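Hello,

Here is the structure we talked about handing over. My notes follow below it.

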Amino acid sequence: VVADEETAKDVWALAKFLSRERVKHFVLVPSLLQAILKLDDEALSGLDCVRCWLAGGERLEPELEFAFHARFLTYTTPWSNMALATLRKPAIFAPLT
């Protein structure tokens, strides 16, 4: 499903749309993820339906990643454990030089 333009511009309406449509995969930029995490518990509670969050197009700051994991992470991998334990991103996410 794709949200209409008006819904996409309103973070609260977008969260309700995702919940109502039971969206399982969501692609977004980190700045939108940050805005979503600022929503109240009522709006956030409906987003547990999203099982795959794909954030890209902007730098994902470690603080935002940790805030996301604290609210939505329902499973983990060795890579995310390493990132959380060392407060760094795993090498697989490092920029190519």
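Glu 61 is partly exposed, at 34% relative accessibility (partly exposed lies between buried, under 20% relative accessible area, and exposed, over 50%; 1.4 Å probe, protein chains only). Its side chain meets that of Arg 59 in a salt bridge, 2.9 Å from N to O (a Lys or Arg side-chain nitrogen within 4 Å of an Asp or Glu carboxyl oxygen). Arg 59 is exposed, at 62%.

This is a predicted model: local features need pLDDT of at least 70, side-chain atom pairs count only at pLDDT 80 or more, and totals for chains, interfaces and linings use all residues. Residues are numbered from 1 along each chain as its sequence is written, and side-chain values use heavy atoms, without hydrogens and water.

The whole structure holds four salt bridges. Another one joins Lys 9 and Glu 5, at 3.0 Å, N to O. Lys 16 also pairs with Glu 42, their closest N and O atoms being 4.0 Å apart. Lys 16 lies in helix H2 and Glu 42 in helix H4, so this pair ties together parts 26 residues apart in sequence (helices are DSSP runs of H or I, at least four residues, and strands runs of E, at least two, numbered from the N terminus).

Now the core. The largest nonpolar core has 20 residues (buried Ala, Val, Leu, Ile, Met, Phe, Trp, Tyr and Cys joined through side-chain atoms within 4.5 Å). Leu 18, Phe 26 and Trp 53 are among those with the most contacts inside it. Helix H2 gives the most, with four residues.

Best wishes
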